[in-house]
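Trainee: I am new to this structure and would like to learn how its parts are arranged. Could we look through it together?

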Amino acid sequence: MSYPYQIKSLKQYQEEYKKSVDAPEDFWATIANHFIWHRKWDQVLDWNFYEPTIEWFKGGKLNITENCLDRWVETQPNATAIIWEPNDPTEPHRTFTYKELHHKVCQFANVLKNNGATRGDRICIYMPMVPELTIAILACARIGAIHSVVFGGFSAQSIADRIQDAQCNIVLTADGGFRGNKSIPLKAVIDEALTTCPSVEKVIVLTRTSLPVSMIKGRDVWWEDEINKVEAQGNPMCKAEIMDAEDMLFILYTSGSTGKPKGVVHTCGGYMVWTNYTFVNVFQYQPGQIHFCTADIGWITGHSYIIYGPLSAGATSLMFEGIPTWPDAGRFWEIVDKHAVDILYTAPTAIRSLMSFGTDPIKEKKLHSLKVLGTVGEPINEEAWHWYDEHIGKRNCPIVDTWWQTETGGVLISNLAGITKAKPSFATLPLPGIQPILVDENGKKIEGNGVSGNLCIQFPWPGMLRTTFGDHERCRTTYFSTYENLYFTGDGCLRDNEGDYRITGRVDDVLNVSGHRIGTAEVENAINMHTGVVESAIVGYPHDIKGQGIYAYVIFNGIHIDENQTRLDICQTVSKIIGAIAKPDKIQFVTGLPKTRSGKIMRRILRKIAEGELNNLGDTSTLLDPLVVEEIKSNKL
Ligand code: WT7
């Protein structure tokens, strides 16, 4: 097996890039020809960024699971598709060949059908990082159901919002999940969520932790029982549903600067081509290598680079149930040695966290198998980059700094491992097909090098979002209306003198906490739900490990017991409403917030104070009450 479209040199990168801009349709048709289609497309691309309408491989028919499974069952049935490493290192790991994974997916697809699932249904998946999660996702895709995976750290309320928004009829979950020395009662959280989700008819529950769970007659069934039924029926195969290239593959919710999270929609054909192409090129994957992406499948990184990218390339993908610091801070390195991992793809926050334990946890580890390292989720600071390079890569592994978003489906800007040059803290160059531009506040294109601006993309690529579920107008206003005829990323960006791109972080009211996107408005709404809270404003501040921490300014009218207790109560409220990931790191009680005469909160000032830049607040003369700033400054945490 080889990948004819894998770029092998800098010169070839330049040539391919040029082709992708000069003749995008020919370029992508050539690549798409390397996949299994039931029918080829009539038109490679139809688009406008006004409505927007983005259609790739229009008229094409396929099933992504035939590309991820069946074709490899034919050519390499005994190659390993998935290596699963459990949370507890003393529990045996599990592996699945392509043949075995195909079998399990077909089996579970039949379970879904037995439970009433049909093409186009939305199925919510709230599961721990076990192989059955991957099986469940692929089983949905097999029958043309649309999966909506919700990260295991989200609260019942957040799940309910997502289930209601997508009108899911089936939920897939487990009794619980293991993470470090904790176990998480997933089914109990689902039970709470479902009290407000009348659309859900069936819940299929996997046994993982053996925590006691409530099982409601008529609604809840055990995964294992359902598998037994399918086996008794004696039909192990499940024919793949033939999908249109532009049929929805999945929904994944993500936060923005306003309102509730949006359901980002990806479709079958373009997403498949994009995740595969970027996987093969960015990581320079070679057949037989073991790819370890440490993300949770609850986020886009897991969708694209644990499941769809690697499996569509016939690769071996390692999935890890646990956390980097349990039983100790050497766990990643132990996994690398145990399974001879070739490619390690993780987040800057994980690197910084592991750095803080020093090099002792690495001392006994060989790390000889590593060939390529990657990062994603936030800008990587140079210190972390060099530590990763020196202590993990032993200065022998290219590091790819991959910039992308839930909305982009896969990597847009990154060096290609060992092919194009790496530059610490720079994502460097756009992939073929990606046409980035920088614009100023007025949407004017900023030309030349050595410039900064807001990062936009001016031409569609196969993996981009198509809509936000149930609300296309929201998709338009969020991404396509800030600047005419451009996709706006929400990120600020520098293009240096050599033309390399460095992402500098969000320019909207979105925080990036440990590589997870958190909308300020969402957190404020949650804080404001707490009894006694009159108003709040949150901003990000530099945090050694998380990248950004959450700093909350809260007007409160009636402290309960004492300030610290009230802080804990507010955090508990945020945990209940969103999930523990959105808990503020600092809560400062204030008597007022700096507002303009028109009532707008001046976040710039709050941000400066949270960052500790007390003497450089800029113009405060337009404030309604300048004195409030003095008070906030003097009580800064
Ligand atoms: C935001 C997207 C893409 C999967 C994980 C996050 C930031 C992501 C990088 C990087 C600098 C990065 C951006 C982006 N981001 N990767 N390599 N360098 N910033 O997905 O939750 O959709 O967040 O993460 O700000 O807009 P997400």
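The questions and answers below go from the sheet to the helices.

Mentor: This is a predicted model, in which local features need pLDDT of at least 70, side-chain atom pairs count only at pLDDT 80 or more, and totals for chains, interfaces and linings use all residues. Residues are numbered from 1 along each chain as its sequence is written, and side-chain values use heavy atoms, with hydrogens and water left out.

Trainee: Which strands stand at the edges of the open sheet of 8 strands?

Mentor: Strands are DSSP runs (E, at least two residues; helices are H or I, at least four), numbered from the N terminus, and two strands pair if DSSP finds at least two bridges between them. The order is 12-11-8-6-7-14-15-24, with mixed pairing. Each edge strand has a single partner strand, so one side of each is left without a neighbour in the sheet; these are strand 12 (220-222) and strand 24 (467-468).

Trainee: In strand 14, which residue is the bridge partner of H147?

Mentor: Strand 7 (residues 146-149) and strand 14 (residues 248-254) pair in the parallel sense over 2 bridges. The bridge partner of H147 in strand 14 is F250.

Trainee: How are helix 6 and helix 7 oriented to each other?

Mentor: Helix 6 (residues 156-166) and helix 7 (residues 186-194) pack with their axes, which are lines fitted to C-alpha atoms over the stretch in contact (heavy atoms within 4.5 Å), 8 Å apart and at an angle of about 55 degrees, on a scale from 0 to 180 degrees between N-to-C directions. Angles under 35 degrees count as roughly parallel, over 145 as roughly antiparallel, 65 to 115 as roughly perpendicular and the rest as oblique. Helix 6 and helix 7 are therefore oblique.
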